[in-house]
Amino acid sequence: MIRTRAGAALGAFLALVLLHLVAVGAGADVLRLATKPLLMPALAACAAARGGPRLLVGALACGWAGDVLLEIGGTAAFLLGMGCFAAGHVCYLRLFAFRGAFRGARVRLRCAGYAVVWAALVAALWSGLDAGMRVPVACYSLLLAAMAAGAFGLGRTGAAGGLLFLLSDGLIAAGLADWPRPPGHDLWIMLTYAAAQFCLVRAVQAVPGRAAPPAGAYGGKARPIGRAPTL
């Protein structure tokens, strides 16, 4: 029953992504606006059907709010939407930490690498951004880079999700800085965004949470080992 429900939810998400991408590519604004707010709820349903933790669903809910706000237009709505995505990254960071993504011998090297990418991106975009957008974009992109660094610690699927999210938001930032847009600019943004969220969900659900503490951590009595705690 669970597999059937999860499979149906995944099929609905993939169908909506395909329909939305077709709408973006064809310039069908009504269909694009109708399908975009359904993407993250469909993915959240897929995650919930597989027993996803509450923080994972919360991250996708933040993505939904950001998707809706970015369609309103205007600086205020854009900043609010960026704030929603930032909240989603915080949810992801907590999930990654819970799954040990920031442990290991190479974690500092990995974080340093993403810090270099962040600094290079901000430096390249800085002069092209409006004065009021520079600090918000710099702060948001730092959080995005931290999320991508954490996602890398969950394996190849997580790494792909983090990098795709960087690419998607990098394309948006390039548009803000009035850089030349590649063919299919909006299509690439949504394709990489949907793929990023999907990869992050799969990566989180593929890695179990922390194991139970060792015996003695609770007054000399071992805590019973059951399912990994969910957030």
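A crossing is called left-handed if the near helix is turned anticlockwise from the far one by less than a right angle, and right-handed if clockwise. In this sense α4 passes α8 in a left-handed crossing. The model is a predicted one, where local features need pLDDT of at least 70, side-chain atom pairs count only at pLDDT 80 or more, and totals for chains, interfaces and linings use all residues. Numbering runs from 1 along each chain as its sequence is written, and side-chain values use heavy atoms, with hydrogens and water left out.

Helices here are DSSP runs (H or I, at least four residues), numbered from the N terminus. α4 and α8 pack at an angle of about 25°, their axes 11 Å apart, with axes being lines fitted to C-alpha atoms over the stretch in contact and angles running from 0 to 180 degrees between N-to-C directions. The pair is therefore roughly parallel, a label given to angles under 35 degrees. On the α4 side, Phe85, Tyr92, Leu95 and Phe96 make the contact (heavy atoms within 4.5 Å), and α8 brings Tyr193, Gln197, Leu200, Val201 and Val204. That contact comes out as 8 nonpolar, 1 polar and no charged residues; Ala, Val, Leu, Ile, Met, Phe, Trp, Tyr, Cys and Pro count as nonpolar, Asp, Glu, Lys and Arg as charged, and the others, Gly among them, as polar.

α4 (residues 75-98) also packs on α6 (residues 131-152), again at about 25°, with the axes 9 Å apart. These two helices are therefore roughly parallel as well, and α4 passes α6 in a left-handed crossing. Among the α4 residues involved are Phe78, Met82, Phe85, His89 and Phe96, while α6 supplies residues including Met133, Tyr140, Leu144, Met147 and Gly150. This contact of α4 with α6 splits into 18 nonpolar, 3 polar and no charged residues.

α8 has a further partner in α2: their axes come within 11 Å and cross at roughly 15°, which makes α2 roughly parallel to α8. Here the crossing is right-handed. Lys36, Leu39, Met40, Leu43 and Ala47 of α2 meet Met190, Tyr193, Gln197, Phe198, Val201 and Gln205 of α8, giving 8 nonpolar, 2 polar and 1 charged residues.

Then there is the largest pocket, with a volume of about 790 Å³. A pocket is an open set of points on a 1 Å grid over the protein atoms alone, where a 1.4 Å probe fits, with protein on both sides within 12 Å along at least five of seven lines; lining residues have an atom within 4 Å of a point. The volume is the space filled by probe spheres set on the points, which are joined across faces, edges and corners. Of the 34 lining residues, Lys36, Leu70, Phe78, Ile172 and Ile189 lie nearest the centre. α7 gives the most, with 8 residues. By class, the lining has 19 nonpolar, 7 polar and 8 charged residues.

Technical notes: Parallel < 35°, antiparallel > 145°, perpendicular 65-115°, else oblique.
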